[in-house]
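Thanks for coming, everyone. Please have a look at the structure on the screen, and then I'll walk you through a few parts.

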Amino acid sequence: MDAGIEDNSNQDFSGYDVRVTDAAQNGDTFVYVIKSQQISSDTEYRVEREFEDVEWLHHCLLTQEGVTGLHGIIFPPLPAKPGPSLSNSEAKTKKKIESLAMVDDWQMYCRALEEYLHLVTAHPVLVKNPAVHSFLKHREPPIKTKVKKGIFNKLTQAVGELRKEHHKDIDDFFQNERDSNLTLTAFTKAAAERTKRSQINFPVALCSSTEIAIACGHFSTALHLGIGQDDDPADYAFAKMCLKLSEVLDTVKKNFEKVAENDLNTLGFNLELYSRFQDAEKEMLFRRTCKLVDVETANKNLGQAKPQKKAAMEDIKKAADTEFDEISGMAKVEIQRYHRERVRAFQKALIELSDSQLQTARECCVELKQQLAEFKQLCA
């Protein structure tokens with residue numbers, strides 16, 4: 001057993017059923033209510049966690065020791081942090097925490113965090129970290145120090161490391177994966193941008209459906225303008241027809257709003273998630289490339305080493321080779337697992353999208369048929 005987890009040999013590493021059931025706001029502090037139940041137990045746990053606690057958990061996963069091939073793991077990406085625009089002056093002045101569970105934006109934040117925790121607890125390596133169990137079970141939040149943002153991400157920003165990003169790989173499997181990641185990331189981000197826009201740090205649908213809904217709303221409102229009480233039967237009949245047409249347009253408006261909401265909650269959610277997941281895979285591939293460069297540098301130094309330094313250089317080379325092989329072995333497993341889950345997630349999202357849009361269309365059709373019949377009666 002690895003030294004890093006030796007003290008936890010009796011820990012139950014089975015997965016969890018995790019639900020983020022509520023979210024609350026107290027001034028600028030955002031709190032999630034998380035309920036979980038370990039698969040091997042009947043005990044349910046309920047904890048309250050701030051977003052900073054989630055960041056700390058992620059930090060613990062990134063920096064754990066004693067895990068073979070840690071840098072070869074594709075770490076589930078953190079969800080977006082609730083933005084300051086959700087705060088309001090009234091909330092800041094109240095001492096008690098106000099429940100925001102019914103706010104759509106908070107439901108989306110809860111869902112994003114819940115998906116992150118599902119990915120972590122379903123991961124065969126990450127679920128073994130004691131920080132995961134502490135996060136889900138202990139009522140008191142973890143004692144944490146200030147987290148340095150993007151410990152691995154900063155690697156790509158270092159000037160001295162940029163040259164490694166385009167370093168040719170010796171393994172066609174990883175080189176092809178890097179090329180595929182670059183192409184797929186561009187397409188996924190483009191698709192996500194076509195179905196959403198950024199608002200309060202979270203995607204909100206603004207596709208053609210939403211634009212049509214807005215136009216229908218304007219048209220529906222315009223039909224009310226200039227309609228007043230008039231004794232002229234013809235004007236009165238025309239006014240009634242305008243009002244009925246306004247109702248029809250309002251139904252069409254609600255339909256397109258629901259269509260946009262379906263897009264966001266199904267395919268849009270997955271596009272946003274896997275856009276960030278592809279960045280996480282890119283970071284993993286980059287970390288492995290950095291180790292590859294270290295191996296090549298060690299081989300070069302060994303070949304140029306003087307006799308008295310030969311033994312030391314051989315030790316450095318062996319250590320670099322071992323670490324690189326461990327990372328590569330983990331990375332291959334992770335890539336295969338990642339693609340299986342990505343296909344499964346998108347398949348599920350497309351099925352949910354089709355079902356929800358079909359249900360929405362049926363409901364709209366029933367309403368429009370009834371309104372059409374009523375409109376015909378007015379015209380008779």
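Predicted model: local features only at pLDDT ≥ 70, side-chain atom pairs only at ≥ 80, totals over all residues.

Let's start inside. The largest nonpolar core has 30 residues. Which of them touch the most other members? They are Tyr32, Ile34, Leu61, Leu113, Tyr116 and Leu117. Strands E1 and E2 each supply at least two residues of this core, and so do helices H1, H3 and H4. H3 gives the most, with seven residues.

Look at Leu117. Leaving out residues up to four places away in sequence, Leu117 touches Val18, Val20, Ile34, Leu57 and Phe135.

Now to Leu136, in helix H4. Is Leu136 buried or exposed? It counts as buried, because its relative accessibility is 1%, and the cut-off for buried is under 20%. Its contacts, again without residues up to four places away, are Tyr16, Val18, Ile34, Ser36, Tyr45, Val47 and Thr121. Glu44 is 92 residues from Leu136 in sequence, yet their C-alpha atoms are 9.9 Å apart.

Last, helix H6. It covers residues 172–194, 23 residues in total. From first C-alpha to last it reaches 33 Å, close to the 33 Å expected. At its start, a side-chain oxygen of Asp171 comes to within 2.8 Å of the backbone nitrogen of Phe173. Which residues of H6 are buried? Phe174, Gln175, Glu177, Arg178, Asn181, Thr185, Thr188 and Ala192. In general, residues three or four places apart on an α-helix point the same way, because there are 3.6 residues a turn.

Note on methods. Residues numbered from 1 in each chain as written. Heavy atoms only, no water. Helix = DSSP H or I, 4+ residues; strand = E, 2+ residues; numbered from the N terminus. Expected span 1.5 Å × (residues − 1). Buried < 20%, exposed > 50% of the residue type's maximum accessible area, 1.4 Å probe, protein only. Polar contact = N/O pair within 3.5 Å; in protein donor to acceptor, adjacent residues only side chain to side chain. Core = buried A, V, L, I, M, F, W, Y, C linked by side-chain atoms within 4.5 Å. Contact = heavy atoms within 4.5 Å.
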